[in-house]
Amino acid sequence: MTGSWEELVSTALVGAGRRAVPPESLLERAAEQVVRMRAGRRPGRGTPPAPAASETLPPVPRAAADRLARMLAGEQNRLLTEWLETAAARRVRVPAATIPALLDLGARDRSIRAHLGAVTGARGRWLAGLNSAWAYLLEEPAHVPPGEVWELGTSGDRRAFLAATRRRDPAAARELLARGWSTETPEDRAVFVTILAEGLGMADEPFLEAALDDRRREVRQAAADLLTRLPRSRLAHRMTARASRFVTGNGSGISAEPPADCDGEMERDGVRARPPAGMETRGWWLQQVVAHTPLSFWPGHLGMPPDEIARTRIGDWEREVRMGWTRAAILQRDATWARALFEAEPLTDLLAVLPPEERSHRAAELVAGHPVDGQLVMMLGGVPRPWGSRLARAVLKKIVETTRTQPWNAGELIRLAGERFDPAAYAHAGEVPELAATLRFRFDMLKELS
């Protein structure tokens, strides 16, 4: 068997038996390829690469650079994302010596790539052009787009440019996108549609309605999600007509009957025909229809307010309907429905829809009444930083109580609190030395970058 490393990996993932390859032969070939890659390659008759472009961003302060090196060596490395996010916002670049290690991290962790596009500067892009493992950086915004970025920039630069244009002039951004829509890649089209969420209005409806005819499912899904936030859109009217048949009031409660099939019109409107593993197919269709129906429709249709609807039993398809309403509340950013649904079932995703102070208040109540376990840590993981003072006090109290009675059970909560508390609170966390040390580290880290 011969082939590239990618082909060997593909065979291993599919199964050697399916490819009629003896397992021992697959392992021998993999070992040979590893030796080849480690040994390097014969020098060719190439020309030296052009030098990197001149840097346009100032370097980070020396103290911040030293701290970054320590973090890359393992000290408080969970805070690296916050360091990169802050440095990108400050428009400073990292020392050249740290770029390879950061690009290696970015190859494994997609969540930091957008920050790397900003902080590695011209040298980072130069290196990315020399190493295929780092080529992802060329798709990220550099945050220093030239005047011709829309025509000549990378995908990342163009996305950043479109987002900035959308914030400044929503109509101009939409018109810019519409002019070259047919020439954009499917991946870019899907991302560009999501950018229209900023300043979304009925003026965007014709463009988004046309995007429902896109060949790419992700584009149709993104367009449908935005149209759901426009109650007067054509998609909203179609979904309302479907929902009125599938979910009805029956005098004493609510009953649901999912669609019998998923036709082409439903798929055009963003309903995915194939369900996730383990989910009943018709229930999946029902959930998606409910999720894309304007929430303003339900009180009049069912004859009760949102809080009463959220408490009412539904029957055989209750879980699917409730998950549809939850998704709708998130898509439509409806705090009234999020509040009502959270009262019935405290799902973390609903907290993001609530105002920050209320989010902190409700999360604090959950912390006070819940033991420290994986479910609590997962719930708190969905609450972005910085945590409000009420939530921070509740979590600190829970940590202190747990440390006294079950110290082995408090570690992950301490680490999460260290990442999400206001770092200035380090002086008030003395009862938990590990937490105080992390907060002080973050306090100094952010001060160095300011």
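A salt bridge, as I use the term in this notebook, is a side-chain nitrogen of Lys or Arg within 4 Å of a carboxyl oxygen of Asp or Glu.

**Before starting.** I am looking at a predicted model, where local features need pLDDT of at least 70 and side-chain atom pairs count only at pLDDT 80 or more, while totals for chains, interfaces and linings use all residues. I number residues from 1 along each chain as its sequence is written, and side-chain values use heavy atoms, with hydrogens and water left out.

**Entry 1: salt bridges.** I looked up the total and found 38 salt bridges in the structure. I then picked R67 and E448, whose closest N and O atoms are 2.7 Å apart. R67 sits in helix α3 (residues 62-72) and E448 in helix α26, so this pair ties together parts 381 residues apart in sequence. For helices I follow DSSP runs (H or I, at least four residues), numbered from the N terminus. Are the two partners buried or exposed? R67 is buried, with a relative accessible area of 6%, and E448 also counts as buried, at 19%. My cut-offs are under 20% relative accessible area for buried, over 50% for exposed and partly exposed in between (1.4 Å probe, protein chains only).

Entry 2: Next I checked R385 and E82, whose side chains meet in a salt bridge at 3.6 Å, N to O. R385 lies in the loop between α23 and α24 and E82 in helix α4, 303 residues apart. R385 is partly exposed at 32% relative accessible area, whereas E82 is buried at 6%.

Entry 3: I moved on to D188 and R159, a salt bridge with its closest N and O atoms 2.8 Å apart. D188 belongs to helix α11 (residues 186-195) and R159 to helix α9 (residues 155-168), so parts 29 residues apart in sequence are tied together. D188 is buried, with a relative accessible area of 5%, and R159 is partly exposed at 26%. I also noted one network, in which salt bridges that share partners join E209, D213, R238, R242, R268 and D269.

**Entry 4: helix α25.** How much of α25 is buried? I found 8 of the 10 residues of this helix (residues 411-420) buried, so the rest of the structure largely encloses it. Among them are G411, L413, I414 and R420. The buried residues of α25 pack against α4 (80-90), α23 (374-381), α24 (389-405) and α26 (433-449).

**Entry 5: nonpolar cores.** I treat a nonpolar core as a set of buried Ala, Val, Leu, Ile, Met, Phe, Trp, Tyr and Cys residues joined through side-chain atoms within 4.5 Å. The largest has 90 residues, and W298, W325, L380, V395 and L435 touch the most other members. Helix α24 gives the largest share of this core, 7 residues. I followed L435 and found contacts (heavy atoms within 4.5 Å). Leaving out residues up to four places away in sequence, L435 touches L396, I399, I414, A417, G418, F421 and A429. A second, separate core has 28 residues, including A88, V92, I112 and A128.

**Entry 6: helix α1.** Last, I looked at W5, which is in helix α1 and counts as partly exposed at 32% relative accessibility.

Notes:
Helix = DSSP H or I, 4+ residues; strand = E, 2+ residues; numbered from the N terminus.
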